[in-house]
Amino acid sequence: MTTAEPRLAVQGLRHLYAERPVIEDLTFTLRAGRAIALVGPNGAGKTTVLKCIVGSAEPAAGQILLDGVPIDERVEVVRRDVASLLDDLDFFPDLTVAEHLDLLARAHGNPEPEDLVDTLLDDIGLLAAAEQLPGSLSSGQRRRLALATTLVRPRKLLVLDEPEQRLDTDGVAWLAERLQAEKQAGTSILFASHDKELVDAVADETVALAPLP
Ligand SMILES: Nc1ncnc2c1ncn2[C@@H]1O[C@H](COP(=O)(O)OP(=O)(O)OP(=O)(O)O)[C@@H](O)[C@H]1O
């Protein structure tokens, strides 16, 4: 990839639900180490855009390019390079918090993830809950674990839908710092958010969406 080439390019994106347009002709580009926030009221189409990018919704028109290549032509690379959190995650009921992160790190090719997992658990404030099962976590702790699953694996592009959900004030502050560090490390971030402080702290640009008539 040349430095001039965006990591993610969305060109003329259109999406319909049952013939009803929800996204019309959306175009933006996101470079390495930068962050774009999708903003707008409920129903504006933010989640739909993110779903098109991670491949869980099919655009009616337009192109989505990752490092210059149409995203649907490189499913394996998307799986490798794109870390996303769009919905609440289902966790294995019998694996502890630490075991979840360990398993994911290993599945993504890290043969000795112990140090990474320990650091991340400390970082996200789940060290004391490391041996708990998911069913015993509070909703905010589950959210922190879900966010951690995106940070325990290789990634060039982070795609997050309202990552601030259910986090307390400290949690949102941690998230802002963590996303800033991700940018410093060269990760690109596309996130939808209703939290102005998080958007101001993390986003280099905002893309404003509005519900279509
Ligand atoms: N599976 C679906 N079938 C039909 N319509 C849908 C579907 N998913 C979303 N929509 C509609 O598409 C529009 C955009 O929804 P979307 O979830 O993308 O908005 P959003 O900007 O993420 O909203 P929020 O801020 O509430 O999360 C809404 O009008 C919604 O009702």
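Begin by selecting Arg106, which lies in helix 3, residues 97-107; helices here (H or I, at least four residues) and strands (E, at least two) are DSSP runs numbered from the N terminus. Before going further, note that this is a predicted model, in which local features need pLDDT of at least 70 and side-chain atom pairs count only at pLDDT 80 or more, while totals for chains, interfaces and linings use all residues. Residues are numbered from 1 along each chain as its sequence is written.

**Around helix 3**

With 14 C-beta neighbours inside 10 Å, Arg106 counts as partly exposed; a residue is called buried if 20 or more other C-beta atoms, placed from the backbone, lie within 10 Å of its own, exposed if 12 or fewer, and partly exposed in between. Leaving aside residues up to four places away in sequence, Arg106 touches Pro111 and Pro113, where contact requires C-beta atoms, placed from the backbone, to lie within 7 Å. Now select Val97, His100, Leu101, Asp102 and Ala105, which are the buried residues of helix 3, and then show helix 4 (114-123) and helix 5 (139-151), which are included in what covers them.

Next, colour the open sheet of 5 strands, whose order is 6-7-8-3-9 with parallel pairing; two strands pair if DSSP finds at least two bridges between them. Strand 6 (82-85) and strand 9 (205-208) stand at the edges with a single partner strand each, so one side of each is left without a neighbour in the sheet. Neighbouring strands of this sheet are turned against each other by 15° on average, direction ignored, with axes taken as lines fitted to C-alpha atoms, for helices over the stretch in contact, and angles running from 0 to 180 degrees between N-to-C directions.

Within this sheet, strand 7 (residues 157-161) and strand 8 (residues 188-192) run parallel and are joined by 5 bridges, and Leu157 stands opposite Ser188 in strand 8. Helix 6 (residues 169-184) packs on the sheet, where it touches strand 3 (35-39), strand 7 and strand 8, and its direction makes about 145° with that of strand 8.

Stay with strand 7 and select Leu158, which lies in it and is buried, with 22 other C-beta atoms within 10 Å. Its contacts, not counting residues up to four places away in sequence, are Ala83, Thr150, Glu182, Thr187 and Ile189. The C-alpha atoms of Leu158 and Leu190 are separated by 6.2 Å, although the two residues are 32 apart along the chain.

Move to the open sheet of 4 strands, which has the order 2-1-4-5 and antiparallel pairing. Strand 2 (20-30) and strand 5 (69-70) stand at its edges, each with a single partner strand, so one side of each is left without a neighbour in the sheet. Strand 1 (residues 8-17) pairs with strand 4 (residues 61-66) in the antiparallel sense over 5 bridges, and here Arg14 stands opposite Ala61 in strand 4.

**The ligand**

Finally, select the residues around the ligand, namely Tyr17, Val22, Gly40, Asn42, Gly43, Ala44, Gly45, Lys46, Thr47, Thr48 and Ala192, each having its C-beta atom, placed from the backbone, within 6 Å of the ligand. Helix 1 (residues 46-54) gives the most to this shell, with 3 residues.

Terms used
Contact = placed C-beta atoms within 7 Å.
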